[in-house]
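Reader: I would like a close look at one part of this model, the surroundings of the ligand. Please take me through them step by step.

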Amino acid sequence: MRRGRHTLDQYSVPYYGFQTAGSIVAGRNTMIQLVPRIQRMGLFRQVFIVAQPSLKANGIVDQIAGELSQAGMQVRITTEVRPEPTADQLREVFQAEVSPAQPDLLIGIGGGSVLDATKLFSVMLTNEDDVESMVGTDLVANPGMPTVLIPTTSGTGSEVTPNAIVTLPEQQLKAGVVSPYLLPKLVILDPVLTISLPKPITAATGMDAFTHALESYISNKANPISDMFALESIRLIAGSLLPSYSDGSDITAREKMLLGSMYGGMALTAAGTAAVHALAYPLGGQFHIPHGVANSMLLPHVMAYNLDAIAERLQPVARAMGLSGSGSREGGFHAAEAVIEQIIEWTRELDIPQNLRVFHVTEGDVEPLALAASKVTRLMNNNPKKMDLDAIQEVYRKLLP
Ligand SMILES: NC(=O)c1ccc[n+]([C@@H]2O[C@H](COP(=O)([O-])OP(=O)(O)OC[C@H]3O[C@@H](n4cnc5c(N)ncnc54)[C@H](O)[C@@H]3O)[C@@H](O)[C@H]2O)c1
Ligand SMILES: [Fe+2]
(Lines give C-alpha, C1' and ligand atoms only; values in the text may rest on other atoms or scores of the structure.)
(Ligands and ions follow the chains in the order given, each with its own letter.)
Protein backbone atom coordinates (compact mmCIF):
# COMPACT_ATOMS: atom_id res chain seq x y z
CA MET A 1 0.00 0.00 0.00
CA ARG A 2 1.27 3.47 -0.79
CA ARG A 3 1.85 5.53 2.31
CA GLY A 4 0.40 8.88 3.30
CA ARG A 5 3.61 10.76 2.85
CA HIS A 6 6.08 9.17 0.50
CA THR A 7 9.36 9.27 -1.23
CA LEU A 8 9.51 9.08 -5.02
CA ASP A 9 9.97 5.31 -5.11
CA GLN A 10 6.64 4.80 -3.36
CA TYR A 11 4.60 5.92 -6.35
CA SER A 12 3.35 3.23 -8.73
CA VAL A 13 4.17 5.14 -11.94
CA PRO A 14 7.44 4.52 -13.77
CA TYR A 15 7.54 8.14 -14.98
CA TYR A 16 5.28 11.14 -14.95
CA GLY A 17 4.77 14.38 -16.80
CA PHE A 18 2.56 17.38 -17.06
CA GLN A 19 1.28 19.73 -19.72
CA THR A 20 -0.98 22.71 -19.28
CA ALA A 21 -2.40 25.83 -20.90
CA GLY A 22 0.04 28.10 -22.77
CA SER A 23 -0.54 30.95 -20.39
CA ILE A 24 -2.79 31.67 -17.43
CA VAL A 25 -3.91 35.06 -16.13
CA ALA A 26 -5.72 34.90 -12.79
CA GLY A 27 -7.27 37.41 -10.45
CA ARG A 28 -10.28 39.65 -9.94
CA ASN A 29 -11.36 41.61 -13.04
CA THR A 30 -8.73 39.97 -15.24
CA MET A 31 -11.31 39.96 -18.06
CA ILE A 32 -9.99 43.42 -18.98
CA GLN A 33 -6.74 41.69 -19.95
CA LEU A 34 -8.45 39.53 -22.55
CA VAL A 35 -8.24 41.67 -25.68
CA PRO A 36 -4.72 43.05 -25.10
CA ARG A 37 -3.49 39.51 -24.45
CA ILE A 38 -5.12 38.22 -27.62
CA GLN A 39 -3.47 41.00 -29.59
CA ARG A 40 -0.11 39.95 -28.18
CA MET A 41 -0.78 36.31 -29.12
CA GLY A 42 -0.82 37.04 -32.83
CA LEU A 43 -2.79 38.44 -35.70
CA PHE A 44 -6.32 37.06 -35.77
CA ARG A 45 -9.00 38.01 -38.29
CA GLN A 46 -12.02 35.94 -37.46
CA VAL A 47 -12.85 35.25 -33.82
CA PHE A 48 -15.61 32.85 -32.77
CA ILE A 49 -17.02 33.16 -29.25
CA VAL A 50 -18.82 30.20 -27.64
CA ALA A 51 -20.69 31.72 -24.74
CA GLN A 52 -22.71 30.70 -21.72
CA PRO A 53 -26.14 32.32 -22.42
CA SER A 54 -26.33 34.37 -19.20
CA LEU A 55 -23.07 36.13 -20.05
CA LYS A 56 -24.52 37.20 -23.37
CA ALA A 57 -27.64 38.40 -21.61
CA ASN A 58 -25.73 40.50 -19.07
CA GLY A 59 -23.67 42.25 -21.74
CA ILE A 60 -20.21 40.83 -20.92
CA VAL A 61 -19.90 38.91 -24.17
CA ASP A 62 -21.09 41.86 -26.26
CA GLN A 63 -18.52 44.04 -24.57
CA ILE A 64 -15.72 41.62 -25.45
CA ALA A 65 -17.04 41.38 -29.00
CA GLY A 66 -17.06 45.20 -29.26
CA GLU A 67 -13.46 45.44 -28.08
CA LEU A 68 -12.33 42.72 -30.49
CA SER A 69 -14.09 44.49 -33.40
CA GLN A 70 -12.45 47.78 -32.49
CA ALA A 71 -9.13 45.97 -32.60
CA GLY A 72 -9.94 44.98 -36.21
CA MET A 73 -11.26 41.44 -35.77
CA GLN A 74 -14.51 40.00 -37.16
CA VAL A 75 -16.53 38.41 -34.39
CA ARG A 76 -19.27 35.78 -34.36
CA ILE A 77 -20.99 34.50 -31.25
CA THR A 78 -23.01 31.40 -30.42
CA THR A 79 -24.96 30.70 -27.24
CA GLU A 80 -26.36 27.45 -28.64
CA VAL A 81 -24.22 24.93 -26.76
CA ARG A 82 -26.48 23.04 -24.34
CA PRO A 83 -25.32 21.79 -20.93
CA GLU A 84 -23.49 18.47 -21.33
CA PRO A 85 -24.12 18.36 -25.09
CA THR A 86 -24.46 15.24 -27.22
CA ALA A 87 -22.19 14.61 -30.19
CA ASP A 88 -25.15 15.34 -32.50
CA GLN A 89 -25.88 18.69 -30.83
CA LEU A 90 -22.24 19.70 -31.17
CA ARG A 91 -22.17 18.69 -34.83
CA GLU A 92 -25.27 20.78 -35.46
CA VAL A 93 -23.80 23.96 -33.93
CA PHE A 94 -20.51 23.29 -35.69
CA GLN A 95 -22.10 22.92 -39.12
CA ALA A 96 -24.55 25.79 -38.76
CA GLU A 97 -22.34 28.36 -37.08
CA VAL A 98 -18.69 27.50 -36.44
CA SER A 99 -17.59 26.01 -39.75
CA PRO A 100 -19.12 28.73 -41.98
CA ALA A 101 -17.31 31.42 -39.93
CA GLN A 102 -13.89 29.78 -40.56
CA PRO A 103 -12.45 31.25 -37.36
CA ASP A 104 -8.73 31.50 -36.71
CA LEU A 105 -9.32 31.91 -32.96
CA LEU A 106 -12.01 30.49 -30.66
CA ILE A 107 -12.95 31.90 -27.26
CA GLY A 108 -14.98 29.75 -24.86
CA ILE A 109 -16.58 31.54 -21.95
CA GLY A 110 -18.81 29.40 -19.75
CA GLY A 111 -18.99 26.22 -17.69
CA GLY A 112 -17.34 22.95 -18.58
CA SER A 113 -19.93 22.24 -21.27
CA VAL A 114 -19.06 25.42 -23.17
CA LEU A 115 -15.31 25.00 -22.65
CA ASP A 116 -15.35 21.37 -23.81
CA ALA A 117 -17.44 22.34 -26.86
CA THR A 118 -14.96 25.09 -27.72
CA LYS A 119 -12.07 22.64 -27.49
CA LEU A 120 -13.89 20.17 -29.75
CA PHE A 121 -14.86 22.84 -32.30
CA SER A 122 -11.21 23.85 -32.48
CA VAL A 123 -10.12 20.35 -33.59
CA MET A 124 -13.23 19.75 -35.70
CA LEU A 125 -12.07 22.71 -37.81
CA THR A 126 -8.75 21.03 -38.62
CA ASN A 127 -9.69 17.35 -38.75
CA GLU A 128 -11.93 15.45 -41.15
CA ASP A 129 -13.03 13.02 -38.44
CA ASP A 130 -16.30 13.43 -36.59
CA VAL A 131 -16.50 13.76 -32.81
CA GLU A 132 -17.26 10.09 -32.16
CA SER A 133 -14.13 8.89 -33.89
CA MET A 134 -11.98 11.23 -31.79
CA VAL A 135 -13.32 9.70 -28.55
CA GLY A 136 -10.43 8.01 -26.75
CA THR A 137 -6.85 8.93 -26.00
CA ASP A 138 -4.64 10.57 -28.64
CA LEU A 139 -7.02 9.99 -31.54
CA VAL A 140 -6.99 13.59 -32.78
CA ALA A 141 -4.72 13.69 -35.82
CA ASN A 142 -4.09 17.42 -36.26
CA PRO A 143 -3.68 20.35 -33.86
CA GLY A 144 -6.75 22.55 -33.65
CA MET A 145 -7.28 26.27 -34.08
CA PRO A 146 -5.97 28.25 -31.07
CA THR A 147 -8.37 28.70 -28.16
CA VAL A 148 -8.84 31.02 -25.20
CA LEU A 149 -10.80 29.45 -22.33
CA ILE A 150 -12.57 31.43 -19.61
CA PRO A 151 -14.35 29.30 -16.97
CA THR A 152 -17.50 30.59 -15.31
CA THR A 153 -18.04 27.61 -13.00
CA SER A 154 -15.67 26.26 -10.30
CA GLY A 155 -15.76 23.72 -11.78
CA THR A 156 -14.47 21.24 -14.15
CA GLY A 157 -10.94 22.61 -14.51
CA SER A 158 -11.53 21.99 -18.22
CA GLU A 159 -9.57 25.18 -18.98
CA VAL A 160 -6.36 23.31 -18.15
CA THR A 161 -7.14 19.72 -19.12
CA PRO A 162 -6.51 17.92 -22.41
CA ASN A 163 -10.01 16.39 -22.13
CA ALA A 164 -13.38 17.19 -23.64
CA ILE A 165 -16.42 15.22 -22.57
CA VAL A 166 -19.29 14.45 -24.88
CA THR A 167 -22.62 12.69 -24.29
CA LEU A 168 -23.23 9.62 -26.48
CA PRO A 169 -26.94 8.79 -26.15
CA GLU A 170 -26.75 5.59 -28.27
CA GLN A 171 -24.21 4.18 -25.82
CA GLN A 172 -26.09 5.77 -22.89
CA LEU A 173 -22.73 7.08 -21.73
CA LYS A 174 -20.50 10.10 -21.61
CA ALA A 175 -17.05 9.75 -23.08
CA GLY A 176 -13.84 11.73 -23.29
CA VAL A 177 -11.76 12.99 -26.18
CA VAL A 178 -8.26 13.19 -24.71
CA SER A 179 -5.53 14.96 -26.65
CA PRO A 180 -2.85 17.56 -25.89
CA TYR A 181 -4.25 19.43 -28.92
CA LEU A 182 -7.22 20.40 -26.74
CA LEU A 183 -5.10 22.56 -24.42
CA PRO A 184 -5.73 26.28 -24.86
CA LYS A 185 -3.25 29.02 -25.65
CA LEU A 186 -4.63 31.31 -22.96
CA VAL A 187 -6.76 30.98 -19.82
CA ILE A 188 -8.40 33.88 -18.02
CA LEU A 189 -9.44 33.02 -14.46
CA ASP A 190 -11.66 35.85 -13.26
CA PRO A 191 -13.71 34.99 -10.14
CA VAL A 192 -16.07 37.90 -10.78
CA LEU A 193 -17.62 35.80 -13.58
CA THR A 194 -18.62 33.12 -11.07
CA ILE A 195 -20.59 35.45 -8.76
CA SER A 196 -23.78 34.83 -10.75
CA LEU A 197 -23.64 31.04 -10.28
CA PRO A 198 -26.90 29.86 -8.69
CA LYS A 199 -26.64 27.86 -5.45
CA PRO A 200 -27.28 24.36 -6.88
CA ILE A 201 -24.66 24.88 -9.60
CA THR A 202 -22.17 26.30 -7.08
CA ALA A 203 -22.72 23.15 -5.03
CA ALA A 204 -22.53 20.57 -7.81
CA THR A 205 -19.61 22.11 -9.69
CA GLY A 206 -17.70 22.70 -6.44
CA MET A 207 -18.06 19.04 -5.50
CA ASP A 208 -16.93 18.05 -9.01
CA ALA A 209 -13.75 20.10 -8.51
CA PHE A 210 -13.17 18.45 -5.14
CA THR A 211 -13.72 15.02 -6.71
CA HIS A 212 -11.06 15.78 -9.35
CA ALA A 213 -8.53 16.58 -6.65
CA LEU A 214 -9.38 13.64 -4.40
CA GLU A 215 -9.57 11.08 -7.19
CA SER A 216 -6.26 12.28 -8.62
CA TYR A 217 -4.67 12.03 -5.19
CA ILE A 218 -5.65 8.39 -4.73
CA SER A 219 -5.26 7.47 -8.43
CA ASN A 220 -2.90 4.65 -9.37
CA LYS A 221 -1.22 7.26 -11.56
CA ALA A 222 -0.68 9.75 -8.70
CA ASN A 223 2.78 11.29 -8.80
CA PRO A 224 4.63 14.20 -7.19
CA ILE A 225 3.22 16.75 -9.64
CA SER A 226 -0.42 15.68 -9.34
CA ASP A 227 -0.12 15.39 -5.54
CA MET A 228 1.02 18.99 -5.23
CA PHE A 229 -1.94 20.32 -7.20
CA ALA A 230 -4.41 17.90 -5.62
CA LEU A 231 -3.58 18.76 -2.02
CA GLU A 232 -3.67 22.50 -2.64
CA SER A 233 -6.95 22.09 -4.50
CA ILE A 234 -8.40 20.12 -1.59
CA ARG A 235 -7.21 22.77 0.90
CA LEU A 236 -8.69 25.65 -1.09
CA ILE A 237 -12.02 23.94 -1.79
CA ALA A 238 -12.46 22.63 1.76
CA GLY A 239 -12.11 26.20 3.02
CA SER A 240 -14.34 27.93 0.50
CA LEU A 241 -17.05 25.55 -0.74
CA LEU A 242 -19.62 26.24 1.98
CA PRO A 243 -18.84 30.00 2.19
CA SER A 244 -19.28 30.39 -1.59
CA TYR A 245 -22.53 28.40 -1.38
CA SER A 246 -24.04 30.36 1.50
CA ASP A 247 -22.98 33.76 0.14
CA GLY A 248 -22.45 33.73 -3.62
CA SER A 249 -21.10 37.28 -3.59
CA ASP A 250 -18.20 36.34 -1.27
CA ILE A 251 -15.51 37.13 -3.80
CA THR A 252 -12.68 35.77 -1.65
CA ALA A 253 -14.43 32.39 -1.43
CA ARG A 254 -15.25 32.52 -5.17
CA GLU A 255 -11.61 33.25 -5.98
CA LYS A 256 -10.37 30.32 -3.90
CA MET A 257 -12.93 28.02 -5.50
CA LEU A 258 -11.86 29.03 -9.01
CA LEU A 259 -8.20 28.48 -8.20
CA GLY A 260 -9.00 25.20 -6.43
CA SER A 261 -10.96 24.10 -9.47
CA MET A 262 -8.07 24.89 -11.82
CA TYR A 263 -5.63 23.00 -9.57
CA GLY A 264 -8.09 20.09 -9.60
CA GLY A 265 -7.92 20.17 -13.41
CA MET A 266 -4.14 20.20 -13.27
CA ALA A 267 -4.13 17.26 -10.84
CA LEU A 268 -6.40 15.21 -13.07
CA THR A 269 -4.32 16.07 -16.12
CA ALA A 270 -1.29 14.63 -14.35
CA ALA A 271 -2.93 11.60 -12.70
CA GLY A 272 -6.46 11.00 -14.02
CA THR A 273 -9.74 10.57 -12.17
CA ALA A 274 -11.02 7.12 -11.23
CA ALA A 275 -14.12 5.08 -10.37
CA VAL A 276 -16.30 7.98 -9.18
CA HIS A 277 -16.11 9.58 -12.61
CA ALA A 278 -16.51 6.23 -14.37
CA LEU A 279 -19.70 5.48 -12.41
CA ALA A 280 -20.96 9.03 -12.97
CA TYR A 281 -20.75 8.81 -16.78
CA PRO A 282 -23.70 6.43 -17.34
CA LEU A 283 -25.78 8.42 -14.82
CA GLY A 284 -25.15 11.49 -17.01
CA GLY A 285 -25.53 9.71 -20.35
CA GLN A 286 -28.72 7.84 -19.47
CA PHE A 287 -30.48 9.82 -16.76
CA HIS A 288 -29.11 13.31 -17.45
CA ILE A 289 -27.98 13.74 -13.88
CA PRO A 290 -25.69 16.80 -13.92
CA HIS A 291 -22.05 15.76 -13.81
CA GLY A 292 -21.25 17.40 -10.46
CA VAL A 293 -24.38 16.01 -8.82
CA ALA A 294 -23.61 12.46 -9.96
CA ASN A 295 -20.04 12.74 -8.67
CA SER A 296 -21.09 14.13 -5.28
CA MET A 297 -23.60 11.33 -4.80
CA LEU A 298 -21.08 8.63 -5.65
CA LEU A 299 -18.00 10.08 -3.97
CA PRO A 300 -18.51 8.97 -0.35
CA HIS A 301 -19.62 5.46 -1.36
CA VAL A 302 -16.74 4.83 -3.76
CA MET A 303 -14.31 6.17 -1.15
CA ALA A 304 -15.85 3.88 1.48
CA TYR A 305 -15.37 0.94 -0.91
CA ASN A 306 -11.74 2.01 -1.47
CA LEU A 307 -11.11 2.60 2.23
CA ASP A 308 -8.68 -0.19 3.06
CA ALA A 309 -6.56 0.66 0.00
CA ILE A 310 -6.41 4.39 0.66
CA ALA A 311 -6.65 4.85 4.43
CA GLU A 312 -3.05 5.96 4.91
CA ARG A 313 -3.15 8.01 1.77
CA LEU A 314 -6.06 10.02 3.13
CA GLN A 315 -4.11 11.35 6.12
CA PRO A 316 -2.61 14.33 4.28
CA VAL A 317 -6.06 14.86 2.71
CA ALA A 318 -7.65 15.06 6.17
CA ARG A 319 -5.02 17.59 7.21
CA ALA A 320 -5.56 19.64 4.06
CA MET A 321 -9.30 19.63 4.86
CA GLY A 322 -8.54 20.97 8.31
CA LEU A 323 -10.03 17.93 10.05
CA SER A 324 -8.60 18.03 13.52
CA GLY A 325 -7.73 14.93 15.46
CA SER A 326 -7.14 12.96 12.27
CA GLY A 327 -3.85 11.45 13.40
CA SER A 328 -2.18 8.24 12.29
CA ARG A 329 -4.12 6.03 14.71
CA GLU A 330 -5.25 2.68 13.29
CA GLY A 331 -3.19 2.99 10.11
CA GLY A 332 -5.05 6.09 8.98
CA PHE A 333 -8.58 4.71 9.22
CA HIS A 334 -9.61 7.40 11.63
CA ALA A 335 -8.48 10.16 9.26
CA ALA A 336 -9.98 8.39 6.26
CA GLU A 337 -13.35 8.00 7.93
CA ALA A 338 -13.29 11.65 8.92
CA VAL A 339 -12.75 12.59 5.28
CA ILE A 340 -15.69 10.47 4.16
CA GLU A 341 -17.94 11.82 6.91
CA GLN A 342 -17.04 15.36 5.95
CA ILE A 343 -17.98 14.67 2.32
CA ILE A 344 -21.36 13.27 3.39
CA GLU A 345 -21.90 16.30 5.62
CA TRP A 346 -21.10 18.63 2.70
CA THR A 347 -23.59 16.95 0.38
CA ARG A 348 -26.23 17.42 3.10
CA GLU A 349 -25.41 21.09 3.63
CA LEU A 350 -25.24 21.66 -0.11
CA ASP A 351 -28.65 20.07 -0.58
CA ILE A 352 -27.38 17.46 -3.01
CA PRO A 353 -29.75 14.47 -3.11
CA GLN A 354 -28.51 11.12 -1.84
CA ASN A 355 -31.13 9.06 -3.63
CA LEU A 356 -31.04 8.10 -7.31
CA ARG A 357 -34.82 7.63 -7.35
CA VAL A 358 -35.06 11.43 -7.43
CA PHE A 359 -33.70 11.05 -10.99
CA HIS A 360 -36.01 8.12 -11.85
CA VAL A 361 -33.35 5.44 -11.52
CA THR A 362 -34.80 2.10 -10.39
CA GLU A 363 -33.39 -1.19 -9.14
CA GLY A 364 -33.77 -2.62 -12.66
CA ASP A 365 -31.33 -0.02 -13.98
CA VAL A 366 -28.48 -1.08 -11.69
CA GLU A 367 -27.14 -3.93 -13.84
CA PRO A 368 -26.95 -2.00 -17.13
CA LEU A 369 -25.51 1.03 -15.31
CA ALA A 370 -22.78 -1.12 -13.77
CA LEU A 371 -21.98 -2.74 -17.11
CA ALA A 372 -21.64 0.68 -18.77
CA ALA A 373 -19.44 2.01 -15.95
CA SER A 374 -17.17 -1.05 -16.10
CA LYS A 375 -16.44 -0.20 -19.73
CA VAL A 376 -14.95 3.18 -18.81
CA THR A 377 -11.58 1.46 -18.44
CA ARG A 378 -9.61 4.70 -19.00
CA LEU A 379 -10.77 5.78 -15.51
CA MET A 380 -11.54 2.43 -13.87
CA ASN A 381 -7.89 1.41 -14.30
CA ASN A 382 -6.86 4.39 -12.14
CA ASN A 383 -8.93 3.26 -9.18
CA PRO A 384 -6.72 2.12 -6.28
CA LYS A 385 -8.93 -0.92 -5.62
CA LYS A 386 -10.26 -3.10 -8.41
CA MET A 387 -14.03 -2.91 -8.82
CA ASP A 388 -15.84 -5.84 -10.36
CA LEU A 389 -19.45 -5.68 -11.56
CA ASP A 390 -20.79 -6.72 -8.16
CA ALA A 391 -18.85 -3.99 -6.39
CA ILE A 392 -20.08 -1.38 -8.87
CA GLN A 393 -23.68 -2.53 -8.48
CA GLU A 394 -23.33 -2.36 -4.72
CA VAL A 395 -22.28 1.29 -4.91
CA TYR A 396 -25.27 2.19 -7.11
CA ARG A 397 -27.56 0.30 -4.71
CA LYS A 398 -26.28 2.39 -1.79
CA LEU A 399 -27.93 5.27 -3.61
CA LEU A 400 -31.25 3.42 -3.94
CA PRO A 401 -32.16 3.10 -0.26
N1 LIG B 1 -12.88 18.69 -19.75
C2 LIG B 1 -12.74 18.28 -18.54
O3 LIG B 1 -11.63 18.08 -18.07
C4 LIG B 1 -13.96 18.07 -17.70
C5 LIG B 1 -13.82 17.75 -16.34
C6 LIG B 1 -15.00 17.55 -15.61
C7 LIG B 1 -16.24 17.68 -16.22
N8 LIG B 1 -16.32 17.98 -17.54
C9 LIG B 1 -17.61 18.13 -18.23
O10 LIG B 1 -18.08 19.46 -18.08
C11 LIG B 1 -19.51 19.45 -18.15
C12 LIG B 1 -20.10 20.13 -16.93
O13 LIG B 1 -19.61 21.43 -16.80
P14 LIG B 1 -20.05 22.34 -15.56
O15 LIG B 1 -20.18 21.46 -14.37
O16 LIG B 1 -19.13 23.48 -15.51
O17 LIG B 1 -21.52 22.77 -15.92
P18 LIG B 1 -22.18 23.33 -17.28
O19 LIG B 1 -21.16 23.96 -18.13
O20 LIG B 1 -22.98 22.21 -17.87
O21 LIG B 1 -23.12 24.45 -16.70
C22 LIG B 1 -24.15 24.12 -15.78
C23 LIG B 1 -25.20 25.21 -15.79
O24 LIG B 1 -24.64 26.41 -15.24
C25 LIG B 1 -24.90 27.52 -16.07
N26 LIG B 1 -23.82 28.48 -15.82
C27 LIG B 1 -22.50 28.35 -16.10
N28 LIG B 1 -21.82 29.42 -15.67
C29 LIG B 1 -22.70 30.26 -15.10
C30 LIG B 1 -22.59 31.52 -14.46
N31 LIG B 1 -21.40 32.12 -14.27
N32 LIG B 1 -23.73 32.10 -13.99
C33 LIG B 1 -24.93 31.47 -14.11
N34 LIG B 1 -25.10 30.27 -14.70
C35 LIG B 1 -24.00 29.67 -15.18
C36 LIG B 1 -24.96 26.91 -17.46
O37 LIG B 1 -25.70 27.68 -18.34
C38 LIG B 1 -25.66 25.58 -17.19
O39 LIG B 1 -27.05 25.75 -17.17
C40 LIG B 1 -19.91 18.01 -18.21
O41 LIG B 1 -20.16 17.63 -19.55
C42 LIG B 1 -18.72 17.27 -17.67
O43 LIG B 1 -18.65 15.94 -18.09
C44 LIG B 1 -15.21 18.20 -18.27
FE1 LIG C 1 -15.56 15.95 -13.29
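Author: Helices (H or I, at least four residues) and strands (E, at least two) are DSSP runs, numbered from the N terminus. The model is predicted. With those labels, α5 (112-124), β7 (163-168) and α7 (199-218) each give at least two residues to the shell around ligand 1. At the level of domains, at least three residues of this shell come from each of domain 1 (30-189) and domain 2 (196-398). Ligand 1 itself sits in the largest pocket.

There are 26 residues around ligand 1, and Q52, G112, S113, T153 and T161 come nearest. By type, the shell residues comprise six nonpolar, 15 polar and five charged.

Some contacts can be followed atom by atom. In the side chain of S113, an N or O atom is 2.6 Å from an oxygen atom of ligand 1. For T161, a polar side-chain atom lies 2.7 Å from an oxygen atom of ligand 1. With D116, the ligand atom is a nitrogen, 2.8 Å from an N or O atom in the side chain. Ligand 1 taken alone exposes 870 Å², and the protein buries 89% of that.

Key. Residues numbered from 1 in each chain as written. Chains lettered and ligands numbered in written order. Predicted model: local features only at pLDDT ≥ 70, side-chain atom pairs only at ≥ 80, totals over all residues. Heavy atoms only, no water. Near = heavy atom within 4 Å. Polar contact = N/O pair within 3.5 Å; in protein donor to acceptor, adjacent residues only side chain to side chain. Areas by Shrake-Rupley, 256 points an atom, 1.4 Å probe, with all protein chains shown as cover. 1 Å grid on protein atoms, 1.4 Å probe; cavity = no way out; pocket = protein on both sides within 12 Å on 5 of 7 lines; lining within 4 Å. Sits in = over half its atoms within 2 Å of the grid points. Nonpolar A, V, L, I, M, F, W, Y, C, P; charged D, E, K, R; others polar. Domains from an automatic or database assignment.
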